[in-house]
Amino acid sequence: MELKQQIIKFGSDFKNSAEKLTKTAVDSSRKLTEKVKIQNKIHQAEAKLNETYIAMGKKYEELYGNRADPAFSQYLADIADARAQIAAARAEMSAAASAAVCPKCGKYLTQNQKFCPYCGSKKQEDDAVIDISTESEIRLSETPIDE
Ligand SMILES: [Zn+2]
């Protein structure tokens, strides 16, 4: 083969393999897009499935919660436990929000403390201190059931 022909062949081979690479890249990009679409379908269906299970559980509790089959008693106990934890945490949060704060160190003070037990600063008299126990009771009764 002449040099000129060799160069032409090389150029042609190079062009072919470049086209092949491009085609492969496009194909795999399309495959990836398709894969993502399919994965989204799976995720959406799984989310729908989980939502349905949750709705079914809520419906069961609503209809049979007080006369549930013993097979459900652990679930119902777990639900009651989680609700109690949520209520307690909410009460804690509202207590923290309404409690007086030491002007110097920032720690929470109870109603009876005239001086900060952590740094000894005098509590400011105009700090509004809400009775934590009353506030907690209000919060507990306000807690919506299906939240
Ligand atoms: Zn302090």
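## Burial and helix α2

A residue counts as buried if 20 or more other C-beta atoms lie within 10 Å of its own. By this criterion helix α2, which runs over residues 73–98, is hardly covered: among its 26 residues the count of buried residues is 0. The structure discussed here is a predicted model.

From its first C-alpha to its last, α2 reaches 37 Å, close to the 38 Å expected at 1.5 Å a residue.

## Overall architecture

The secondary structure of the protein consists of 3 helices and 2 strands. Read along the sequence, these elements follow the pattern α-α-β-β-α. Buried residues account for 2% of the 147 residues in the protein. Among contacts between residues at least 6 apart in sequence, 34% join residues at least 24 apart.

## Helix α1

Helix α1 covers residues 3–64, and its 62 residues should span 92 Å at 1.5 Å a residue. The end C-alpha atoms of α1 are 89 Å apart, which agrees with that expectation. Of the 62 residues of α1, the number buried is 0, so this helix lies largely in the open.

Cys 102 is placed in the loop between β1 (100–101) and β2 (108–109). With 21 other C-beta atoms within 10 Å, Cys 102 is buried, because the cut-off for burial is 20 or more.

When neighbours within four places in sequence are left aside, Cys 102 is in contact with Lys 107, Leu 109, Cys 116, Tyr 118, Cys 119 and Ser 121. Cys 102 and Gln 124 are 22 residues apart in sequence, and their C-alpha atoms are 8.1 Å apart in space.

## Confidence of the model

The mean pLDDT of the protein is 84, and 84% of its residues reach 70 or more. Confidence is highest in α1, at a mean of 93, and lowest in helix α3 (residues 132–142), at a mean of 49.

Over residues 127–137 pLDDT stays under 50. For this stretch, the model has 14 contacts beyond four places in sequence.

Conventions
Residues numbered from 1 in each chain as written. Predicted model: local features only at pLDDT ≥ 70, side-chain atom pairs only at ≥ 80, totals over all residues. Helix = DSSP H or I, 4+ residues; strand = E, 2+ residues; numbered from the N terminus. Expected span 1.5 Å × (residues − 1). Buried ≥ 20, exposed ≤ 12 C-beta atoms within 10 Å, placed from the backbone. Contact = placed C-beta atoms within 7 Å. pLDDT = per-residue confidence, 0-100.
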